[in-house]
Amino acid sequence: MAQMNMLHAINEALSIAMKADERMVIFGEDVGHFGGVFRATSGLQEQYGRERCFNTPLTEQGIAGFANGLASYGMTAVAEIQFADYIFPAFDQIVNESAKFRYRSGNQFDVGGLTFRTPYGGGIAGGHYHSQSPEAYFTQTPGLKVVVPRNPEQAKGLLLAAIRDPNPVIFFEPKRLYRASVGEVPAGDYQIELGKAQVVKQGRDITVLAWGAQMEIVEKACERAEKEGISCEIIDLRTLAPWDVDTVAKSVTKTGRLLINHEAPLTGGFAGEIAATIQQECFLSLESPISRVCGLDTPYPLIHEKEYMPDELKTFEAIKASVAF
Amino acid sequence: MSNAPLTNETVHRVSFLDKASLHIPILRILQADGTTYENAVLPVIDKPLADKIFDTCVFTRVLDERMLGAQRQGRISFYMTCTGEEASIIGSTAALDKDDVILAQYREHASLRYRGFSTEQFMNQMFSNEKDLGKGRQMPIHYGSRELNYQTISSPLATQIPQATGVAYGMKLQGKRNVAICYFGEGAASEGDFHAGLNMAAVLKAPVIFFCRNNGYAISTPTEEQFAGNGIASRGVGYGMHTIRVDGNDMLAVLAATQQARAYALEHNAPVLIEAMTYRLGAHSSSDDPSGYRSKDEEAKWQQHDPVKRFKLWMINKGWTNEAEEATLFERYREEVLAAVKVAEKLPIPKLDEIIEDVLDKPTPALKKQLKELKEHINKYPKAYPKSAGRL
């Protein structure tokens with residue numbers, strides 16, 4: 001165990017994976033000698049050589065297309081998209097190619113060795129184009145796995161699992177936590193199973209569900225609620241596709257209430273999918289309508305970032321409203 | 001390079017470059033009568049190779065003729081011919097090693113045949129039956145074969161271009177003595193993926209052959225409405241890439257260019273661009289009618305440049321084939337294709353269970369639940385789902 005921030009944990013995971021797998025290659029904009037704009041790939045080119053960790057030209061669609069080709073030839077391709085806001089030029093390669101490679105070929109070809117890493121989310125005064133949370137664009141595409149870690153320990157274990165998973169994975173990294181989140185991280189090689197949510201705190205009155213950077217927000221909101229006598233069960237979904245219906249349904253069956261929090265805009269966000277499934281699974285156990293605390297249906301605003309965010313107080317109010325329904 | 005502005009030659013009055021600044025000749029080896037130009041440097045070719053190329057030409061002509069007919073009869077939903085482009089497609093594939101990976105656009109089924117795809121395999125794909133390697137999931141002509149190193153076709157254009165760069169980079173890292181070849185049309189070269197793929201291949205030094213079939217049209221859009229530059233070849237030079245323009249209806253020119261491109265790509269770990277000037281004699285697909293956008297005169301003119309005929313005349317001149325042999329070959333393949341159609345169209349479609357396979361490596365619990373519910377529904381209304389009901 002050692003104290004480290006999330007960037008350090010990610011860097012350690014990449015280095016461990018590269019050491020164990022000679023076929024693993026890391027590439028993207030500025031990831032080479034410079035080590036990436038956030039320094040997540042720091043030192044990897046020095047350690048593993050220019051052929052295995054390198055800069056690409058400035059083309060997200062090219063990075064994704066190249067990654068697909070590389071993975072289709074049996075390589076482990078770990079591609080960095082510098083900001084999730086810039087993933088859209090690669091959308092066609094991810095949605096029409098990565099996601100369908102195995103299915104369309106009848107399992108003759110696949111790009112299972114492919115992982116996209118990309119920093120997402122707000123809270124860093126990044127405005128429209130350094131703040132978005134585009135996970136729901138990808139959760140609607142069969143053939144992809146979507147993973148979001150909440151702290152350094154989780155980031156390392158989930159990233160190692162994502163890289164080794166035999167399916168293409170988009171690994172969204174909460175950039176707000178890159179340096180802010182510091183915690184104990186186990187030494188060496190370990191994996192956290194994809195597709196499994198984690199109950200991080202047991203409770204009786206309401207299930208509060210989030211992922212990534214919003215986990216610390218909901219944890220604080222739940223602390224406030226506890227002081228008012230409301231017992232919250234907190235779940236980190238961790239993998240959004242495919243998501244762990246059983247763990248969430250079991251919790252909601254017990255508590256009778258569900259609140260889902262995400263940074264992305266409310267309409268069409270992944271909370272809608274969770275709400276629809278849980279009302280189907282837990283209809284007779286529900287004591288109140290499923291609550292969503294999300295971003296506004298606006299582009300991500302710079303100066304009103306604080307107002308836009310589904311923060312601790314909004315979550316606290318929604319918890320109380322749900323319990324008082 | 002960051003110091004280039006400091007070291008570049010300078011001039012002291014305004015002078016622009018234009019597309020004529022780049023002189024790009026067309027490589028041509030075969031003349032219309034099947035003789036070769038006097039000073040022509042021929043590709044490496046012997047009788048067995050020429051026979052295999054010619055055999056593939058005849059098979060492809062027959063397949064295209066019969067399956068377009070089958071589409072017209074409503075037996076398959078869709079078809080695309082490669083008529084007129086056989087020299088570009090087969091001549092280039094014939095220059096490759098069997099372990100070189102082909103990333104095609106969609107009109108390159110002749111390459112797949114050259115590699116050994118059987119008549120039955122073609123039919124199973126087009127009829128989406130239970131023996132289709134693609135499990136009936138894609139429209140006709142979206143072939144793929146792991147065994148033959150021919151990656152499965154996807155309809156989106158140009159996506160295969162940066163992928164080919166990735167495949168080739170993987171070959172380099174694995175120490176393989178192989179190249180990737182990537183086929184695309186001059187229309188697809190307008191997509192962003194073209195720029196991305198070629199630039200990355202040049203910068204990252206990937207042994208890939210980019211083979212552009214400049215066949216005059218992207219569905220109905222002629223080349224003059226597609227680009228204003230000096231064809232596609234001029235762009236290769238801009239990317240810092242070895243580039244050649246060939247007569248795409250000249251089997252020997254295409255073969256020679258691709259043989260040398262392959263040798264160069266392997267020796268230098270670098271990409272090569274080949275622009276093959278050809279003409280799509282047929283429609284874009286079974287869904288369009290070229291009379292809406294081009295003249296019969298134009299088509300008739302290009303009929304005079306039939307690539308298969310030109311190659312056949314060369315073979316006859318060499319004493320390697322004759323008209324009677326060709327006629328026999330056509331007859332044999334017509335019977336073979338017809339017989340294969342009759343078998344393939346009677347085979348059942350893949351079982352419904354396969355609908356949830358290969359989305360991920362294993363079906364998720366949610367997907368298994370969806371399949372279970374679907375089966376229950378089909379059992380309730382079997383007549384509405386005749387192809388699956390009764391085989392659940």
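UniProt positions are given here in the numbering used for this structure, with feature names shortened, and the annotations may be inferred rather than shown by experiment. On that basis, an unreviewed UniProt entry lists residues 4–180 of chain A as "domain: Transketolase-like pyrimidine-binding". The structure is a predicted model, in which local features need pLDDT of at least 70 and side-chain atom pairs count only at pLDDT 80 or more, while totals for chains, interfaces and linings use all residues. Residues are numbered from 1 along each chain as its sequence is written, and chains are lettered from A and ligands numbered from 1 in the order in which they are written. Helices (H or I, at least four residues) and strands (E, at least two) are DSSP runs numbered from the N terminus.

**Annotated region of chain A**

- Over residues 4–180 of chain A, the chain is 35% helix and 18% strand.
- The end C-alpha atoms of this stretch are 10 Å apart.

**Seven-stranded sheet of chain A**

- Seven strands of chain A form an open sheet with mixed pairing, in the order β3-β2-β4-β5-β7-β6-β12; two strands pair if DSSP finds at least two bridges between them.
- The edges are held by β3 (53–55) and β12 of chain A, each of which has a single partner strand, so one side of each is left without a neighbour in the sheet.
- On average, neighbouring strands of this sheet are turned by 20° against each other, direction ignored; axes are lines fitted to C-alpha atoms, for helices over the stretch in contact, and angles run from 0 to 180 degrees between N-to-C directions.
- Strands β5 (residues 114–120) and β7 (residues 169–174) of chain A run parallel and are joined by six bridges.
- Within this pair, T118(A) stands opposite F172(A) in β7(A).
- Helix α7 (residues 152–164) of chain A lies across β4 (76–80), β5, β6 (145–147) and β7 of chain A, and runs at about 160° to β7(A).

**Five-stranded sheet of chain A**

- A further open sheet has five strands in the order β9-β11-β10-β13-β14 (chain A), again with mixed pairing.
- Its edge strands are β9 (198–201) and β14 of chain A, each pairing on one side only.
- From one strand to the next, the twist averages 25°.
- Helix α12 (residues 312–323) of chain A packs on the sheet and touches β10, β11, β13 and β14 of chain A; residues are in contact if their C-beta atoms, placed from the backbone, lie within 7 Å.
- The direction of α12 of chain A makes about 165° with that of β14(A).
- Strand β10(A) pairs in the parallel sense with strand β11 (residues 232–236) of chain A over five bridges, and V208(A) stands opposite I234(A) in β11(A).

- A residue is buried if 20 or more other C-beta atoms lie within 10 Å of its own, exposed if 12 or fewer, and partly exposed in between, with C-beta atoms placed from the backbone.
- Strand β10 (residues 206–210) of chain A pairs with β13(A) in the parallel sense over three bridges, and V208(A) stands opposite L259(A) in β13(A).
- Strand β14 (residues 291–295) of chain A runs parallel to β13(A), with five bridges joining them, and I260(A) stands opposite R292(A) in β14(A).
- From β13(A) the chain crosses to β14(A) through helix α10 (residues 270–282) of chain A in a right-handed β-α-β crossover; right-handed denotes that, with the strands pointing away from the viewer, the path from the first strand over the helix to the second runs clockwise.

**Contact between chains A and B**

- Chain A and chain B each bring 37 residues to the contact.
- On the side of chain A that touches chain B, the elements giving two or more residues are α3 (60–72), α4 (91–97) and α5 (101–104) of chain A.
- Helix α3(A) gives the most to this side, with nine residues.
- By class, this side of chain A has 13 nonpolar, 18 polar and six charged residues; Ala, Val, Leu, Ile, Met, Phe, Trp, Tyr, Cys and Pro count as nonpolar, Asp, Glu, Lys and Arg as charged, and the others, Gly among them, as polar.

**Backbone exceptions**

- Most residues other than glycine have a negative phi, and most peptide bonds are trans.
- A cis peptide bond with omega of about -10° joins A241(A) and P242(A), and P242(A) is found in the loop between β12 (239–241) and α9 (245–255) of chain A.
- K205(B), in the loop between α7 (192–204) and β4 (208–214) of chain B, has a positive phi near 55°.
- K205(B) counts as partly exposed because it has 16 C-beta neighbours inside 10 Å.
- D358(B) has a positive phi near 70° and lies in the loop between α12 (323–344) and α13 (365–380) of chain B.
- D358(B) is buried, with 23 other C-beta atoms within 10 Å.

Note on methods:
Contact = placed C-beta atoms within 7 Å.
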